[in-house]
Amino acid sequence: MGTAQRRLAPEDGTAARSTVRPGPAAPDGRLTPRGGDEELSGARARTQRQAQYRPLWVEEPAKRYRMPDPVRTSAVRALIIIAVTLIQAMVAFFCTMTESWLAFPMVISSVASTVVATWGAVDVLVTRQVWNQRNGVISEPSSTARSLRRERRATRRQQRAAEREQERIRRRGGSTGQLSHP
């Protein structure tokens with residue numbers, strides 16, 4: 001789709017066939033649509049073209065939600081560790097092929113890095129599972145997070161109610177804890 005057709009496309013991002021066919025090229029090289037634009041004059045035509053302007057892409061809501069911060073952090077850490085491990089393994093391979101003295105230390109460090117990279121990958125899985133258990137996937141009916149949140153809210157409500165009651169008693173001057181009427 002060219003720029004002229006993009007300007008004439010609908011705003012909602014749906015693909016629709018244009019009933020306006022491009023006319024002959026203007027002296028400055030731009031295409032002008034046939035019909036419709038002849039009756040519009042100067043400023044009005046410009047404002048209509050600007051109103052019909054459609055951006056190059058349309059933002060669509062994400063299908064999946066963003067990863068939680070702790071999970072993303074562990075995933076980035078694991079990715080960096082795995083990348084370094086692969087580089088070390090390549091260097092160890094090339095040092096072994098060239099029979100360099102550096103081959104043995106590189107092979108040993110590659111084995112150790114493989115263990116660390118495995119730990120990093122498992123850390124991502126564990127962090128994700130822990131986050132899901134603590135914060136929960138609310139969309140599931142059996143989510144334990146929902147009941148935990150309910151319990152926490154009920155506890156907070158009771159604490160706030162008790163604090164309000166104590167404040168009310170203090171304001172009335174009942175600091176001794178006795179009832180106002182015997």
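Author: A friendly starting point: a residue is called buried under 20% relative accessible area, exposed over 50%, and partly exposed in between. Keep in mind that this is a predicted model.

Reader: Is Arg77 buried, exposed or partly exposed?

Author: The relative accessible area of Arg77 is 35%. That value lies between the cut-offs of 20% and 50%. Therefore Arg77 counts as partly exposed.

Reader: Which residue meets Arg77 in a salt bridge, and how many residues apart are the two?

Author: The side chain of Arg77 meets that of Asp123, at 2.8 Å from N to O. This pair links distant parts of the chain, with Arg77 in helix α3 and Asp123 in helix α4.

Reader: Is Asp123 buried or exposed?

Author: Asp123 has a relative accessible area of 18%. The cut-off for buried is under 20%, so Asp123 is buried.

Reader: What does Ser74 touch, leaving aside residues up to four places away in sequence?

Author: Ser74 is found in helix α3 and counts as buried, because its relative accessibility is 2%. The buried residues of α3, Ser74 among them, pack against α4. The residues that Ser74 touches are Asp123, Val124 and Thr127.

Reader: How far apart are the end C-alpha atoms of helix α3, and what span should its 29 residues have?

Author: Helix α3 runs over residues 69-97. At 1.5 Å a residue, its 29 residues should span 42 Å. The end C-alpha atoms agree with that, being apart by 42 Å.

Note on methods:
Residues are numbered from 1 along each chain as its sequence is written. This is a predicted model: local features need pLDDT of at least 70, side-chain atom pairs count only at pLDDT 80 or more; totals for chains, interfaces and linings use all residues. Side-chain values use heavy atoms; hydrogens and water are left out. Helices (H or I, at least four residues) and strands (E, at least two) are DSSP runs, numbered from the N terminus. The expected span of a helix is 1.5 Å times one less than its number of residues. Buried means under 20% relative accessible area, exposed over 50%, partly exposed in between (1.4 Å probe, protein chains only). Contact means heavy atoms within 4.5 Å. A salt bridge is a side-chain nitrogen of Lys or Arg within 4 Å of a carboxyl oxygen of Asp or Glu.
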